[in-house]
Amino acid sequence: MAPDDAQAQVSRIGDDYAERYGFHDPSEYLKNAPVGISHALVESMTRVKGEPEWMRELRHKALDTFLAKPMPTWGNTGLLNAIDFDKIHYYVRPQDREGRTWEEVPDDIKKTFDRLGIPEAERKFLAGVSAQYESEVVYHSIKEELTKQGVIFMGMDQGLKEHEDIVRKYFGTVIPVADNKFSALNSAVWSGGSFIYVPKNTDVGIPLQAYFRINAENMGQFERTLIIADEGSRVHYIEGCTAPIYSSDSLHSAVVELIAMPGAHIRYTTIQNWSHNVLNLVTKRAIAHENAVVEWVDGNIGSKFTMKYPCVYLKGEGARGEILSIAFAGDGQHQDAGAKMYHLAPNTSSRITSKSISKDGGRATYRGMVRVQPNATGSKVSVECDALLLGTAARSDTYPTMEVSGEAVKVEHEARISKISEEQVFYLQSRGLSADEARLLIVNGFIEPFTKALPMEFAVELNRLIELEMEGGVG
Amino acid sequence: MSVAADGSWLEDLRQLAWEWYHDAPEPSRSVHLWRYTDPAIFRIPEQIIDATPRPGLIAPEGPIPTGIEVLDLVEAAMSRPELVRDRLGAAVRPVAGKLEALNFARFQHGLVVHAPAGVVAATPLTLVSKLGGPRFNASRILVIADEDSDLTIVRSYGAGDRKGEIQANGVIEVFAGARAHVRLIVIQDLQPEARLHLAQRTVADRDARVETIVASLGGAVMKADIGTVLAGKGAESESWGVVVGDGAQHFDHHTVHTHTAGHTRSRFNYKTVLKGHARSVYTGSIRIEKDAANCEAYQENRNLMLEETAHADSIPELEILNNEVQCTHGATMGPIEPEYLFYLESRGIPHDDAVRLFVDGFVTPAFNRVPPAVEASLRGHLAGRMERL
């Protein structure tokens with residue numbers, strides 16, 4: 001076979017998905033809420049959503065990649081290998097979503113809502129009882145303001161429909177489909193998530209919250225978010241909320257891509273508080289161009305097992321990246337979280353601050369990667385990991401990786417692991433606090449650098465949440 | 001297994017190890033231990049593997065300290081099975097890896113160093129290998145320090161007369177009994193073409209104290225897997241490492257500190273100086289087991305990068321399963337602070353001397369813990385290395 005023929009053949013691989021799998025009536029197919037993943041499902045999804053051809057192709061190829069890629073051999077192999085991909089609903093049409101009744105919501109979730117003082121309407125939404133959170137009034141005025149600025153802020157599906165040119169240009173460029181098994185899965189079956197474009201030199205004054213345009217689509221299992229901050233612009237996006245999100249779906253696998261053009265500033269805040277049945281396997285990555293700043297503020301409180309390592313590619317000279325994270329692993333939880341910084345250009349700087357608390361049988365893992373390429377002269381990296389162990393059965397791991405080339409760079413990494421000091425507790429007790437209050441105060445002090453980076457109402461809720469998690473704690 | 005007094009037990013085990021070596025796959029690069037070093041570097045054609053005994057491969061230098069026994073390992077397996085049998089291969093297990101199996105199966109010279117209970121060696125014991133002779137060199141040392149003994153061992157790998165590629169495979173096992181105090185200093189100053197794979201494990205019993213230094217200076221490639229098991233309450237370990245590399249030298253040091261008993265302490269400090277296209281890989285772990293309460297562990301890896309072309313990787317890992325713990329680690333990579341050089345140069349010290357002074361101050365804290373004679377030897381090797389830098 002001539003090389004040209006071979007190449008032509010290779011490039012045609014996967015071109016005939018429609019012929020192979022396109023014979024279903026997509027609505028009919030999806031109406032029965034099929035379980036398991038297949039090309040037929042992907043084909044039906046993409047046709048029901050009315051997506052362009054390139055996205056259809058991308059989904060099918062992503063599914064092939066997902067099926068071909070082996071499961072990671074690290075993290076928590078026991079839980080990963082136990083995932084039964086044939087038992088998962090990958091897509092449910094909004095109109096087919098089965099309403100859950102308030103009675104079905106577990107008591108501990110209801111109790112947490114109470115303690116956090118979450119309003120009634122919100123509770124129902126967060127618990128999955130209603131599909132829409134009635135915040136239209138607030139959202140409407142914000143929307144007008146944003147439109148005036150030229151800011152695009154909408155669901156990803158809508159974004160693909162209305163701004164296909166932008167989406168096509170950037171979708172999958174920060175996190176390629178084949179980046180890892182779960183990014184491939186997400187690329188095949190993504191639904192929901194946010195699409196944001198901030199025009200040049202525009203400062204979006206208020207934090208954008210998915211909360212404002214919250215609906216069931218947005219908090220999907222396989223949401224996909226893409227944020228592009230054009231030159232000199234500034235945006236703060238807040239994903240999720242401190243209140244627990246009850247989901248009966250056992251697998252959540254999102255992909256979040258951020259692009260900070262020269263001089264832009266993106267802050268992305270997440271507080272993940274999935275109910276404790278969820279495996280949360282998320283890929284988050286940003287590209288920072290010249291003098292851009294990307295900040296990930298990442299809190300992991302909920303889920304049974306989380307694997308999440310927000311990442312910044314410092315691609316342009318003078319770019320800066322910051323990752324500030326906390327993880328709370330209570331009994332039965334494993335938080336495998338961390339941070340990645342790739343210094344690819346001169347004079348880039350980054351800082352990683354990670355705080356973790358392991359309580360009772362909980363396990364918190366920091367897993368990090370810092371790479372400084374040979375041309376990234378004059379770059380600076382600082383990493384700080386602090387872990388607190390509460391209770392004899394708690395476990396803490398630190399797995400940092402540093403790969404550094406070059407002389408004119410400075411990399412510093414530090415980690416400390418300890419328990420709450422009895423002296424501190426004793427001191428606070430002598431000031432009239434109970435032992436539990438003293439421990440709570442110490443824990444809140446421990447995570448303060450994180451709380452300080454949150455908008456006030458989030459910080460207050462987070463502190464209350466930690467109080468709840470600490471109840472009955474052993475020191 | 002029945003104990004044969006004739007030493008055939010060792011023959012049998014060595015045969016098993018050979019079969020294991022033969023069948024074992026090459027180390028997997030997906031695990032940290034081999035992530036940055038290609039196992040093919042240590043691949044050896046079987047026809048050059050040769051277990052012909054080579055007494056003198058490890059040569060004691062100077063007098064053997066009074067009270068210390070130094071025995072041939074194979075002979076001791078016959079004459080002193082009670083001393084050797086339960087320990088040989090217990091700290092560095094033959095099945096730990098392909099190269100560990102190869103050593104067990106084909107070591108050409110092995111020594112047992114025995115400090116009987118209460119014996120305090122007045123002088124260090126120096127054991128030297130100058131790698132000449134055949135291309136494949138495999139040696140093995142088993143150190144047994146009985147309770148309340150005190151012993152310093154210098155294990156030196158020096159340049160021999162052989163030019164061209166040498167494959168050296170070394171294993172050192174140390175058993176420090178209750179309250180024993182053992183210092184083990186490994187100096188690697190091999191010829192530029194040599195490749196060394198070293199596996200070293202120390203097991204520290206109750207209240208034992210173990211200090212180890214590894215000075216990695218020569219050779220083309222050195223891969224070392226060095227570890228301490230703090231197995232008895234109150235045991236303490238201090239580990240120092242000094243790596244100086246330039247040209248295309250490749251160093252890969254892996255350390256493991258396992259606290260299996262409570263009230264144990266480990267302190268660990270590796271310093272690396274790199275020039276040219278030299279690369280240093282450091283991967284290491286501290287693990288505090290569930291039942292090991294009240295432990296302290298410190299781990300530090302500092303890399304001094306003297307040229308832009310140098311490369312350093314560092315993965316200092318912690319696995320903490322007990323909450324009654326004090327544990328920290330740190331790693332840095334960077335150049336000499338320009339202010340230091342400026343200060344020294346403003347005092348009229350030429351640039352190269354200023355660099356040398358700084359490097360000296362950077363690495364030598366490791367040397368303060370050893371007896372003066374050993375310190376002098378370490379400084380001598382380092383000075384020689386710095387001359388060539």
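Predicted model: local features only at pLDDT ≥ 70, side-chain atom pairs only at ≥ 80, totals over all residues.
Residues are numbered from 1 along each chain as its sequence is written, with chains lettered from A and ligands numbered from 1 in the order in which they are written. Local features need pLDDT of at least 70 and side-chain atom pairs count only at pLDDT 80 or more, whereas totals for chains, interfaces and linings use all residues.

Helices (H or I, at least four residues) and strands (E, at least two) are DSSP runs, numbered from the N terminus; two strands pair if DSSP finds at least two bridges between them. In chain B, strand β4 (residues 125-131) is largely enclosed by the rest of the structure, because 5 of its 7 residues are buried (20 or more other C-beta atoms within 10 Å of the residue's own, C-beta atoms being placed from the backbone). Strand β1 (residues 59-61) of chain B pairs with β4(B) in the antiparallel sense through 3 bridges, and B:Pro60 lies opposite B:Leu127 of β4(B). Strand β6 (residues 150-159) of chain B runs parallel to β4(B), to which 7 bridges join it; here B:Lys130 has B:Gly158 as its bridge partner.

Between the chains, 31 residues of chain B contact 32 residues of chain A (C-beta atoms, placed from the backbone, within 7 Å). On the chain B side, the elements giving two or more residues are β17 (311-320) and β18 (325-334). This side comprises 14 nonpolar, 11 polar and 6 charged residues, where Ala, Val, Leu, Ile, Met, Phe, Trp, Tyr, Cys and Pro count as nonpolar, Asp, Glu, Lys and Arg as charged, and the others, Gly among them, as polar. Strand β18 (residues 395-405) of chain A is joined to β17(B) by 7 bridges in an antiparallel arrangement, with A:Asp397 and B:Glu319 as bridge partners.

Conventions: Buried ≥ 20, exposed ≤ 12 C-beta atoms within 10 Å, placed from the backbone. Contact = placed C-beta atoms within 7 Å.
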